[in-house]
Amino acid sequence: MGLISDRHPLLIVVGSGGVGKTTLAAALGVLSARSGRDTLVMTFDPSLRLKDALGVGEEARDHEIPVPLDPPTGSLSASLLDARRTFDRLVERYAPDEPARRRILENRFYQHLSGALGGVLEYMAVERLFEVAAEGRYRQVILDTPPTRQALDFLEAPERILGFLDSGALRLALKDWFDAEGRLRASRWGVLGRRAERFLDDVVGLDLLRDMAEFFQAFGPLYEGFRERAQGVEQLLRSPKTRFVLVAGPGEERIPDTLFFARRLEQAGYHLGPIIVNRVHPRFQMDGAAPTAAATGGGDPLRPTGWELLTWLGERDRRGLVELATLLERDQPLLDLPLLPAEPTDLASLEALGRTVEERLTEWEMYVSRSS
C-alpha cells in the first residue's frame, strides 16, 4: 500500500485535538522529501503548530517556504493558510473588470468580515488546496487539519457553498433594497416603511445593511466561477488518489469519536487510509511477579505509584486497540505508534517518526497477507 506514493499524491490528516496530527503531518512530509519527492506540507489549523514543527515562521503564511534538508534529496516546503489572501485571489480571478474587483475588495463588509464569516476559513482551505493541486508543482501534498468537528466543516464547505449559491437567501440578498441616495426603498411605503427603516437601523444598522447589499450585488458576476471551483474541489476530495489519514488517541474512551469520524468519511464517499492510534503506552513484561504495592511504596488506591499508573495505562491502551480492531472492517489498516520520550522537534526525529509509520503499515500488510 504505502502512504508515500504516486498513487496518493494528496494526504489529508484528520482527527481529534491533541492527538499529534500536526506532528504526524510534518513527519510524513519529511519522509516524503527524503524519498526524493517534491513535497508541500500545509495547514489551516488556527493554532499554527506546523510552523514550530518544521521550523518556519510567519513568512510561511499563504506562502510556500522551503525547509532546508541536509543532505538535500527531494524538496520540502511548508505553508500556513491565510483565508483572507486566498479570498482576495478568488475575487481577482473572477471579477469581470478592474472596477468590479475594487468594488468588492474595498467594500467594508468584505474587509471586516471576509476572514470570519461562517465557513469562509474552511472553504478557503479547500480552495487553497485545489490551487496547489491544480498547479502540479509538488508530487506530494500533505494537509494538516484542525480538530475533528472543524475538520468536518472543512469537508462540507464546498457543498455548503453550492447550497448557498442555489438558495433563496442569495436571491433575496441580490434584490435592489436601496435607492441611488442610499435610502431603504421600504421607506417609501409611508409610515410603516419608515418604522421598518428605523427598526432595522436600531437593530442592525443601515450602514451595515448597505455594505452587505453592495457586497452581494458586486459579487453577482463571480458566483458562477465560485460554483465551478466548488465542484472541482468536491471532485478532488473524493478522488481515489486522495487519502485521508485518521489520527486517534489511545484508550477505550477514544473509540466512539474515532468510529464516528471514520464512518462519516466513508459515508460521504471519501477514501480512508490508515487509522493511526498515536502515543500508545507500552505494556510492561516482567520476569516473575510484578512489584507489589508495598514493595514500591504504594498501597493507597487513590495515590497509585508511578509503576502502577504506567502499568494501568499500558493495559488500557492495549484493550482499546483490541476493541477498536474488532469494530473495524478487516481490510481497514489500523496502526499503533508508541508514546515517545519527547515530542519530535527537529527534522531527524520527524523523519524517524515517519519511518515508524511506514514500518507499522508494512507490518499490518504482512499480517493481513499471512492470515488471509
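R128 counts as buried because its relative accessibility is 6%; buried means under 20% relative accessible area, exposed over 50% and partly exposed in between, with a 1.4 Å probe and protein chains only. E131 is also buried, at 6% relative accessibility. The two side chains meet in a salt bridge, 2.8 Å from N to O. A salt bridge here is a side-chain nitrogen of Lys or Arg within 4 Å of a carboxyl oxygen of Asp or Glu. Both residues lie in helix α6 (residues 120-135), 3 residues apart, about one turn of the helix. Helices (H or I, at least four residues) and strands (E, at least two) are DSSP runs, numbered from the N terminus.

This is a predicted model, in which local features need pLDDT of at least 70 and side-chain atom pairs count only at pLDDT 80 or more, while totals for chains, interfaces and linings use all residues. Residues are numbered from 1 along each chain as its sequence is written, and side-chain values use heavy atoms, with hydrogens and water left out.

The structure holds 19 salt bridges. Three of them are tabulated.

| Salt bridge | N to O distance |
|---|---|
| E131 and R128 | 2.8 Å |
| R238 and E234 | 3.7 Å |
| E343 and R279 | 3.2 Å |

E343 sits in the loop between β8 and α14 and R279 in strand β7, so this pair ties together parts that are 64 residues apart in sequence. E343 is partly exposed, at 39% relative accessibility. R279 is partly exposed too, with a relative accessible area of 26%. Salt bridges that share partners also join E64, R89, R93, R128, E131 and R137 into one network. R238 is partly exposed, at 29% relative accessibility.

Next, the strands. All 5 of the 5 residues of β2 (residues 39-43) are buried, so the strand is largely enclosed by the rest of the structure. T39, V41 and T43 point one way from β2, and L40 and M42 the other way. β2 pairs with β4 (residues 76-80) in the parallel sense over 5 bridges; two strands pair if DSSP finds at least two bridges between them. T39 has L76 as its bridge partner in β4, and T43 stands opposite L80. β2 also runs parallel to β5 (residues 140-144), joined by 5 bridges. There, L40 stands opposite V141.

β4 is likewise largely enclosed by the rest of the structure, because 5 of its 5 residues are buried. L76, A78 and L80 point one way from β4, S77 and S79 the other. β3 (residues 65-66) pairs with β4 in the antiparallel sense over 2 bridges, with P66 opposite S77.

There is 1 aromatic pair. F244 and Y270 form it: tilted, 5.3 Å centre to centre, 55° between the planes. Rings of Phe, Tyr and Trp (its six-membered ring) pair if their centres lie within 6.5 Å; planes under 30 degrees apart count as stacked, over 60 as edge-to-face and the rest as tilted. F244 is in strand β6 (residues 242-248) and Y270 in the loop between α12 (255-267) and β7 (272-280), 26 residues apart. Both F244 and Y270 are buried.

Last, the pocket. The lining of the largest pocket has 17 residues, of which A325, L334, D336, W364 and Y367 lie nearest its centre. On a 1 Å grid over the protein atoms alone, a pocket is an open set of points where a 1.4 Å probe fits, with protein on both sides within 12 Å along at least five of seven lines; lining residues have an atom within 4 Å of a point. α14 supplies the largest share of the lining, 6 residues.
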